[in-house]
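Hi everyone, thanks for making time for this.

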Amino acid sequence: MTARTLIKGFQKPTHDSQRVFRQLLKAMSEPGTLVYVDSPESIDSLHASTFAVCQAMMDQQTPLWLSPHFATPNIKHNLHFHTGVPIVEESQQSLFALISPAEIDSVERFPHVFFQGTDEYPETGCTVIVQVHSVKDDISEGVNLRITGPGIETAQLVSISDLSPPLLNYLSNQTGERNGSFPLGLDFIFIDKNQLVCLPRTTQVEVL
């Protein structure tokens with residue numbers, strides 16, 4: 001695929017966008033629940049599933065920050081063409097961020113590199129989309145997490161591959177930053193080639 005090649009988006013944009021958005025709402029309101037999402041084609045290193053999430057959630061009013069791994073001409077061109085989303089260079093200006101787990105190690109001031117909302121409008125904090133190799137809803141070879149909180153009846157087990165120590169320390173509140181700043185904070189979507197799991201800021205995370 002050469003630079004700036006236009007690929008297929010949703011076949012039925014309105015219907016497919018609503019379908020994926022409903023899946024995302026389920027995953028965000030029921031943390032630990034895996035949902036399936038897809039789009040006809042992938043873009044460079046961006047999975048078709050991740051592209052589906054972008055098409056469903058982003059528009060002209062939702063600035064997006066791309067990590068270097070995803071900031072290719074092809075990805076920028078297709079995301080803007082299919083969603084109208086503005087791509088921003090400054091991460092603090094974004095409502096969405098797209099990154100690979102390995103890159104989080106090199107992100108300066110994580111998690112404060114991303115906007116975490118305000119006391120008046122905590123819901124305006126950034127949603128960080130992390131593309132990984134696999135997510136599962138049981139114990140597996142990845143990083144195994146026990147999660148509790150709103151939307152979870154007792155506790156839920158999830159396994160997410162590739163998670164780096166800085167991200168795990170933040171999610172499990174090892175530094176005290178995550179719980180200490182609540183209700184400010186970041187919402188996370190972890191997505192592999194076919195499915196995703198959400199860990200909103202209200203979810204408590206224990207590394208097993």
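**A helix and its surroundings**

Let's begin with helix α2: its buried residues are covered by, among others, α1, α3 (73-83), β4, β5, β9 and β10. Before I go on, a word on where this comes from: the model is predicted, local features need pLDDT of at least 70, side-chain atom pairs count only at pLDDT 80 or more, and totals for chains, interfaces and linings use all residues. Residues are numbered from 1 along each chain as its sequence is written, and side-chain values use heavy atoms, with hydrogens and water left out.

Helices (H or I, at least four residues) and strands (E, at least two) are DSSP runs, numbered from the N terminus. Contact means heavy atoms within 4.5 Å. Buried is under 20% relative accessible area, exposed is over 50%, and partly exposed is in between, with a 1.4 Å probe and protein chains only.

The list includes Ala-48, Phe-51, Cys-54 and Met-57. α2 lies across β4, β5, β9 and β10, and runs at about 140° to β9. For that angle, axes are lines fitted to C-alpha atoms, for helices over the stretch in contact, and angles run from 0 to 180 degrees between N-to-C directions.

**Its neighbour, α1**

Now to α1, residues 13-29. This helix has 17 residues and reaches 24 Å from its first C-alpha to its last, close to the 24 Å expected at 1.5 Å a residue; the expected span is 1.5 Å times one less than the number of residues. Which residues of α1 are buried? They are Asp-16, Ser-17, Val-20, Leu-24 and Ala-27. These residues cover an arc of only 100° around the axis, which puts them on the same side of α1. The arc is that of the directions from the helix axis to the C-beta atoms. On the other side of α1, Thr-14 and Arg-22 are exposed. The buried residues pack against β1 (35-36), α2 (48-57), β9 (187-191) and β10 (195-199).

**Two sheets**

Next, the strands, where two of them pair if DSSP finds at least two bridges between them. Seven strands form an open sheet with mixed pairing, in the order β1-β10-β9-β5-β4-β2-β3. β1 and β3 (87-88) stand at the edges with a single partner strand each, so one side of each has no neighbour in the sheet. Within this sheet, β4 (residues 96-99) and β5 (residues 127-131) pair in the parallel sense over four bridges, and Phe-96 stands opposite Thr-127 in β5.

The other sheet is also open: four strands, antiparallel, in the order β6-β8-β7-β11. Here β6 (135-136) and β11 (204-207) are at the edges, each with a single partner strand, so one side of each is left without a neighbour in the sheet. Two bridges join β6 to β8 (residues 156-160), with Lys-136 opposite Ser-159 in β8.

**Cysteines**

**Backbone details in the loops**

Most residues other than glycine have a negative phi, and most peptide bonds are trans. With that in mind, here are some places to look. The bond from Phe-110 to Pro-111 is cis, with omega near 5°, and Pro-111 is in the loop between α4 and β5. The bond from Phe-182 to Pro-183 is cis too, with omega near 10°; Pro-183 is in the loop between α6 (177-180) and β9.

Asp-44, in the loop between β1 and α2, has a positive phi near 50°. Asp-44 is partly exposed, at 39% relative accessible area. Asn-173, between α5 (165-171) and α6, has a positive phi near 65°.

Finally, Gln-116 is in the loop between α4 (101-104) and β5 and is buried, at 11%. Leaving out residues up to four places away in sequence, Gln-116 touches several residues, including Pro-111, Tyr-170 and Arg-201.
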